[in-house]
Amino acid sequence: TVENFVAEMNRRAARLGMTNSSFANPSGLNAEGHCSTARDLALLARACLKNETLAAIASTRSVTLEGRSFVNHNKLLWRYEGCVGLKTGYTEKAGRTLVSAAERDGMTLIAVTLDDPDDWRDHTALLDYGFSTYAPVTLTEEGKAVARRPVSGSLVPFVEIQAAETVRIPVCEEDKIDWELQWDQEALEAPLRAGGSAGRMVCRVNGEEAACVPLVFAQDVDRALQPPGGIWTRLMELWNR
């Protein structure tokens with residue numbers, strides 16, 4: 001039903017962190033209690049770009065289906081280098097709404113304007129500013145070692161800790177980047193299993209959290225086998241022989 005569909009929209013929006021959005025219908029047309037913000041629409045755009053089907057549709061300039069031709073209303077697909085979408089919109093109450101995205105040199109930027117009568121020009125200026133000011137920086141790569149930690153109860157004294165994801169963020173020259181390693185356990189004891197959670201690496205830009213990377217154990221660490229009765233009992237048995 002429409003009601004159940006809208007309810008799922010709101011649940012999904014909450015999971016995306018769209019804290020100031022409330023959907024009342026699936027169409028986006030005016031309705032009581034139906035609202036969103038530029039920030040929330042940017043979060044939604046980022047999620048849409050991760051969906052290959054939606055991303056392909058949004059970046060298609062024109063298509064012919066069953067003898068009918070359809071042309072994308074997003075003029076930036078023709079006018080702006082690297083534009084990959086995303087969505088135009090208009091109602092008399094909301095005015096002109098535009099969510100755009102462009103990709104250059106491996107970095108994707110998203111711009112959102114609401115009730116903007118000159119949105120094509122403004123989005124061009126916003127994206128130009130973003131690409132001229134920011135550059136992508138790789139904070140860490142999947143499988144890259146970030147630390148070695150001591151392990152007790154094993155013949156292997158240390159275990160390597162790896163990043164579970166590759167994380168890249170846009171930064172400008174003035175930005176200060178730092179990170180903090182947070183561990184699930186203060187002390188490690190065997191056995192440990194490769195891929196098991198070790199903690200997280202919190203990356204901050206100018207003091208604000210920009211990414212949180214899961215950390216995992218790089219290899220299995222088995223528990224050392226102990227002689228029956230403990231080491232001293234075993235030594236006494238050998239002595240008595």
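Helix 1 is followed by glycine 17, whose phi is positive, near 85 degrees. Helices (H or I, at least four residues) and strands (E, at least two) are DSSP runs, numbered from the N terminus. The model is predicted, and local features need pLDDT of at least 70, side-chain atom pairs count only at pLDDT 80 or more, and totals for chains, interfaces and linings use all residues. Residues are numbered from 1 along each chain as its sequence is written, and side-chain values use heavy atoms, with hydrogens and water left out.

Helix 1 has 14 residues and reaches 20 Å from its first C-alpha to its last, close to the 20 Å expected at 1.5 Å a residue; the expected span of a helix is 1.5 Å times one less than its number of residues. Helix 2, with 13 residues, reaches 19 Å between its first and last C-alpha, close to the expected 18 Å. Within helix 2, Asp40, Leu41, Leu43, Ala45 and Ala47 are buried (buried means under 20% relative accessible area, exposed over 50%, partly exposed in between, with a 1.4 Å probe and protein chains only). These buried residues of helix 2 pack against strand 3, strand 4 and strand 5.

Helix 5 has 15 residues and spans 21 Å from first to last C-alpha, close to the 21 Å expected at 1.5 Å a residue. Its buried residues are Asp119, Trp120, His123, Leu127, Gly130 and Phe131. They lie on the same side of helix 5 because they cover an arc of only 95 degrees around the axis, the arc being that of the directions from the helix axis to the C-beta atoms. On the other side of helix 5, Arg121 and Ser132 are exposed. The cover over the buried residues of helix 5 includes helix 4 (76-79), strand 3, strand 4 and strand 5.

The largest pocket holds about 1700 Å³ of space. On a 1 Å grid over the protein atoms alone, a pocket is an open set of points where a 1.4 Å probe fits, with protein on both sides within 12 Å along at least five of seven lines, and lining residues have an atom within 4 Å of a point. Grid points are joined across faces, edges and corners, and a volume is the space filled by probe spheres set on the points. The largest pocket is lined by 47 residues, and Ser27, Gly28, Leu41, Leu44 and Lys87 lie nearest its centre. Strand 3 gives the most to this lining, with 6 residues. By class, the lining of the largest pocket comprises 25 nonpolar, 17 polar and 5 charged residues (Ala, Val, Leu, Ile, Met, Phe, Trp, Tyr, Cys and Pro count as nonpolar, Asp, Glu, Lys and Arg as charged, and the others, Gly among them, as polar).

The second largest pocket has a volume of about 1400 Å³. Of the 31 residues that line this second pocket, Arg46, Thr108, Leu109, Ile169 and Pro170 are the closest to its centre. Helix 2 provides the largest share of the lining of the second largest pocket, 6 residues.

Threonine 97 lies in strand 4 and is buried, with a relative accessible area of 18%. Not counting residues up to four places away in sequence, threonine 97 touches Leu41, Lys87, Thr88, Gly89, Thr113 and Leu114, contact meaning heavy atoms within 4.5 Å. Cysteine 212, found in strand 13, is partly exposed, with a relative accessible area of 38%.
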